[in-house]
2 protein chains.
Amino acid sequence: MKIHPHPVSILAVGSMAFDTVQTPSGKADAVLGGSVNYFSVAASFYAPVQVVGVVGEDFPKTHLSWLSERKIDVTGVQVVRGKTFHWVGSYDQNLSEAKTLSTALNVFEHFDPRLGESHRKSHYVFLANIDPVLQQSVLDQVESPKLVACDSMNFWIAGKPEELKRTLKRVDILSVNEVEAQLLSGHRNIIKAAELIRAMGPAVVIIKRGEYGAMLFTPAGTFIAPAFPVQSVVDPTGAGDSFAGAFMGFLAEAGADRKMADESPHEWERLLRRAVLAGCVMASFTVEDFSLHRLMRLESDELVARQHALISMITI
Amino acid sequence: MKIHPHPVSILAVGSMAFDTVQTPSGKADAVLGGSVNYFSVAASFYAPVQVVGVVGEDFPKTHLSWLSERKIDVTGVQVVRGKTFHWVGSYDQNLSEAKTLSTALNVFEHFDPRLGESHRKSHYVFLANIDPVLQQSVLDQVESPKLVACDSMNFWIAGKPEELKRTLKRVDILSVNEVEAQLLSGHRNIIKAAELIRAMGPAVVIIKRGEYGAMLFTPAGTFIAPAFPVQSVVDPTGAGDSFAGAFMGFLAEAGADRKMADESPHEWERLLRRAVLAGCVMASFTVEDFSLHRLMRLESDELVARQHALISMITI
């Protein structure tokens, strides 16, 4: 059977992992994690997703079947001999930064994303935080992407700056956190940092600020969105990736792509701002439990209610 | 000559000081500082202010005459034998928290605010960060305050918790920063902290978040305002007090007081939110230079332009 991607389906490439996480709220052992899992589940509330990733033989089939049930196409997930990527980390009381205790890349070390025919036809592409060389390899394989977003991290910013800059020339949207933006731009001031990063390629830059929300920088200006304030943060892992998933899902559902930036810049800006809020809301659910547990039981009416609540918190 | 306070004039009681501050941008020696000075100058863009404070004989008359030129009534400033309060502090690269190097209270140690007849008739009262016993003494002297706001800090929260709680029962609005809110409430989570503080008395709680703006908690809900993102932060000293000044000035100019909370709660909420934005904008100017230097040269068209710019950054 040949699978034709839905016109608004999103291709997401990144890590699939087991996470072992200790936070002040408790501990989770070898639970489902990885950037592309958080991204996909979040995006799936808005649009179909095609995942490309790699897992070991130890990856439970139940995880894949659960993803499949959520409009997430997992035919691009390679199951190879060996063990699945396993991250072990902890958060202290302030919950703002993870301390990595160990990283076993395992089968992820030799990840080489090969896209099937249906993946190559994707219009929406999200390159999670992987080697920028692989990010470019994915873009080489996609036939005519209409909107490309990517993520990165200090490891690549410091380790492969030239390759990352080559990736940035080919993406429409970059999302990074404040420290990453400072490192990438060489500037402490976030406004200047965002300006400099936009000059590297991405017309749209999102700077994630954890519990303080996110800033959106576009040709039309700056938008500052607060995080939705939750009563209890259990585990911040995956907040950024689920932010990106809802953000990209929102744009895909709306059929918004880079052409819109020229053709209807006002509408493009409006959708980008709404998409950032969707991202903030999704991230706020993610942090309420370990792993993807909160998203697994998230109902769409809860999502809508919190989106309205967040809007009421910024309305003057 | 008898001075009758303007119906919207604000009585402000707090410290007047010399600050010596070192930041990554440079150093300022014995410049004009103190909570009530930042508050008054900021508020004076919106409404007349009456200051009650104490200085030593070393306090330059030019400072007082400069304040007078800005609709700030300084007849309540006592000039006594001795030296003016002098604070010495520094900020490191991240500019988020001041490190106090020395505090010479000098004449401020025996500050005992005595209100003149015109001060007692004030409708708007701001109690800057001083001993809660003195805050209550001021309230005892004011005849019929229509809106009372106060500030506090860790020193009093930890040192005189029962006195501070007595003050809180008598104020409409409390502004504190995140750490202070946590200490005062005994709760790490800001939402819970704000709820608990509101239960202590103030119907309106503002939690200041430095470079991330401020949160407003009222009976009607929560409002989250971003800081106006400035390109260069020179000295964060006085940001919180000038925030409070513009906030209170905005409400006084609008004639908004606690009666409005019952009589037109929707309009009250709208004005509170606008006032928070006014506070964020004023604070953003304050941090662009040492001392009150930026506010001294601030033009009202700059103020209006930045207020519009901030609104555009939260509009969806």
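This is a predicted model: local features need pLDDT of at least 70, side-chain atom pairs count only at pLDDT 80 or more; totals for chains, interfaces and linings use all residues.
1. Start with the two chains as a pair. Two copies of a chain are related by a rotation about an axis and a shift along it. Here, turning chain B by 180 degrees, with 0.0 Å of shift along the axis, puts it onto chain A with an RMSD of 0.0 Å. That relation is a two-fold axis. Both copies use the same surface for the contact, since 100% of the contact residues of chain B turn up again in chain A.

2. Now the interface itself. On each side there are 21 residues: 21 of chain B touch 21 of chain A. Looking from chain B, the elements that put two or more residues into the contact are α8 (190–199), β13 (221–225), α11 (265–286) and α13 (300–312). β13(B) gives the largest share, with 4 residues. Sorted by class, the chain B side has 12 nonpolar, 6 polar and 3 charged residues.

3. Next, an open sheet in chain A. It has 9 strands with mixed pairing, in the order β5-β4-β1-β8-β9-β10-β11-β12-β13. The edge strands are β5 (72–80) and β13 (221–225) of chain A; each has a single partner strand, so one side of each has no neighbour in the sheet. From one strand to the next, the twist averages 15 degrees.

4. If you zoom in on the β13 end of that sheet in chain A, you'll find β12(A) (residues 214–218) running antiparallel to β13(A), with 5 bridges joining them. Which residue of β13(A) stands opposite A:F217? That is A:T222.

5. Helix α1 of chain A (residues 35–43) is worth a look as well. This helix lies across β1 (10–13), β4 (49–56), β5 and β8 (124–127) of chain A, and runs at about 160 degrees to β1(A).

6. Staying in chain A, look at helices α11 (residues 265–286) and α13 (residues 300–312). Their axes come within 10 Å and cross at roughly 120 degrees, which makes α11(A) oblique to α13(A). The crossing is right-handed. From α11(A), the contact uses A:L277, A:A278, A:C280, A:V281 and A:S284, while α13(A) brings in A:L303, A:R306, A:Q307, A:L310 and A:I311. By class, that comes to 7 nonpolar, 2 polar and 1 charged residues.

7. Over in chain B, there is an open sheet of 4 strands, ordered β3-β2-β6-β7, again with mixed pairing. β6(B) (residues 85–90) and β7(B) run antiparallel and are joined by 5 bridges; B:V88 has B:S102 in β7(B) as its bridge partner.

8. Last, a helix pair in chain B. The axes of α4 (residues 132–141) and α6 (residues 161–168) of chain B come within 8 Å and cross at roughly 30 degrees, and α4(B) and α6(B) are therefore roughly parallel. This crossing is left-handed. B:P132, B:V133, B:Q135 and B:Q136 of α4(B) meet B:E163, B:L164, B:R166 and B:T167 of α6(B). The contact of α4(B) with α6(B) is made up of 3 nonpolar, 3 polar and 2 charged residues.

Technical notes
Residues are numbered from 1 along each chain as its sequence is written. Chains are lettered from A and ligands numbered from 1 in the order in which they are written. Axes are lines fitted to C-alpha atoms, for helices over the stretch in contact, and angles run from 0 to 180 degrees between N-to-C directions. Angles under 35 degrees count as roughly parallel, over 145 as roughly antiparallel, 65 to 115 as roughly perpendicular and the rest as oblique. A crossing is left-handed if the near helix is turned anticlockwise from the far one by less than a right angle, and right-handed if clockwise. Two residues are in contact if their C-beta atoms, placed from the backbone, lie within 7 Å. Ala, Val, Leu, Ile, Met, Phe, Trp, Tyr, Cys and Pro count as nonpolar, Asp, Glu, Lys and Arg as charged, and the others, Gly among them, as polar. Copies are superposed by least squares on the C-alpha atoms of residues with pLDDT of at least 70 in both. Two strands pair if DSSP finds at least two bridges between them.
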